[in-house]
Amino acid sequence: MTEAAAPVRPPKALNARRSFWLKQLHQWHWISAALSLIGLLLFAVTGITLNHAADIPAEPVTVEQTAALPAPLLERLEAFPEETTDPVPDAVARWASDALKVRIAGRPTETTADEIYVALPEPGGDGWLTIDRATGEALRERTTRGWVAWLNDLHKGRNTGPVWYWFIDVFAAACVVFAVTGFGLTWLHARQRPSTWPLLGLGLLIPALIALLFIH
């Protein structure tokens with residue numbers, strides 16, 4: 001007795017299933033593309049500028065500001081520990097924001113008996129603020145290295161804060177969705193496009209060969 005032949009799925013059902021996946025993949029592909037488009041351009045361009053950072057001229061610009069801490073606030077610092085990394089008192093932070101246009105609230109300090117030092121790194125630059133505990137003299141120094149350095153630091157997430165940190169994660173997730181749905185669309189259309197798999201193979205083979213042969 002012969003076994004019953006497996007039921008053949010009607011072509012109509014196959015076409016309906018294929019249409020469903022095409023619709024879903026197209027939907028997620030264009031949404032992820034829209035979300036990641038500007039980020040992809042930014043990271044692609046800054047990938048080039050980072051790779052050629054030594055060839056792009058940048059002239060650092062340093063600006064110094066000075067101000068005198070008011071006597072009541074200087075007296076308040078007398079109660080501040082002589083050796084600590086605690087942030088400065090809120091009143092001192094508000095004064096620095098008004099007098100020197102710098103935010104130091106909540107930032108750790110490197111405090112000694114002589115001065116309070118606050119590091120102020122930023123994308124594309126650096127800076128610091130010191131307050132002399134004897135005289136109240138405050139010195140703010142800021143160095144910037146131009147917009148290319150600023151964009152490069154955005155690429156690296158250097159000194160960009162928690163909001164940009166989370167943006168990079170969300171952007172990376174959108175890129176993954178974009179790539180996976182693109183691969184799914186490629187798979188579904190591959191039968192009508194004979195060059196699909198050779199091109200995908202080259203996309204894997206070229207970086208793999210470069211890594212194996214030229215990276216030591």
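Which residue forms a salt bridge with D153, the closest N and O atoms being 2.9 Å apart? I looked this up and found R158. I took a salt bridge as a side-chain nitrogen of Lys or Arg within 4 Å of a carboxyl oxygen of Asp or Glu.

**Ground rules.** I am working on a predicted model, where local features need pLDDT of at least 70, side-chain atom pairs count only at pLDDT 80 or more, and totals for chains, interfaces and linings use all residues. I number residues from 1 along each chain as its sequence is written, and side-chain values use heavy atoms, with hydrogens and water left out.

**Entry: the D153 salt bridges.** I checked accessibility for R158 and got 29% relative accessibility, so R158 counts as partly exposed. My classes are buried for under 20% relative accessible area, exposed for over 50%, and partly exposed in between (1.4 Å probe, protein chains only). D153 also forms a salt bridge with K156, with the closest N and O atoms 3.5 Å apart. D153 is buried, at a relative accessible area of 4%. K156 has 51% relative accessibility and counts as exposed. Salt bridges that share partners join D153, K156 and R158 into one network.

I then placed the pair in the fold. D153 and K156 both lie in helix α4, three residues apart, about one turn of the helix. I read helices (H or I, at least four residues) and strands (E, at least two) as DSSP runs, numbered from the N terminus. An α-helix has 3.6 residues a turn, so residues three or four places apart point the same way.

**Entry: the rest of α4.** Which residues of helix α4 are buried? I listed V148, A149, L151, N152, D153 and L154 for this helix, which covers residues 147-156. W150 is also found in helix α4, but W150 is partly exposed, with a relative accessible area of 42%. I took one distance from here. The C-alpha atoms of W150 and T130 are separated by 24 Å, and the two residues are 20 residues apart along the chain.

**Entry: backbone after α4.** Just after α4, G157 takes a positive phi of about 70°. N159 has a positive phi too, near 55°, and N159 is a residue other than glycine. I place N159 in the loop between α4 and α5 (161-189). N159 is partly exposed, with a relative accessible area of 32%.

K101 lies in the loop between α3 (90-100) and β2. K101 is exposed, at a relative accessible area of 66%.

**Entry: R142 and E122.** How many salt bridges does the rule give? I count three. One of them joins the side chains of R142 and E122, at 2.8 Å, N to O. R142 lies in strand β5 (residues 137-144) and E122 in the loop between β3 and β4 (125-132), so the pair ties together parts that are 20 residues apart in sequence. R142 is partly exposed, with a relative accessible area of 38%. E122 counts as buried, at 16% relative accessibility.

**Entry: T111.** Is T111 buried or exposed? T111 counts as buried, because its relative accessibility is 3%. I find T111 in strand β2 (residues 110-111). Its side chain is joined to that of T109 by a polar contact of 2.8 Å. For a polar contact I need a pair of N or O atoms within 3.5 Å; within protein, one must be able to donate a hydrogen and the other to accept it, and residues adjacent in sequence count only if both atoms are side-chain atoms.

**Entry: surface patches.** I looked for patches, made of residues with over 30% relative accessible area and no salt bridge; like charges are joined within 9 Å, nonpolar side chains (Val, Leu, Ile, Met, Phe, Trp, Tyr) within 5 Å. E82, E83, D114 and E115 form a negative patch. E115 lies in strand β3 (residues 115-119) and is partly exposed, with a relative accessible area of 32%.

A nonpolar patch of about 1000 Å² includes L199, L202, F214 and I215 among its residues. Where is I215 found? I traced I215 to the segment after α6 (196-214). I215 counts as exposed, at 56% relative accessibility.

Terms used: Accessible areas come from the Shrake-Rupley method with a 1.4 Å probe; for residues, only the protein chains shown count as cover. Lys and Arg count as positive and Asp and Glu as negative; His and the chain ends are not counted. The place of a charge is taken as NZ of Lys, CZ of Arg, CG of Asp or CD of Glu.
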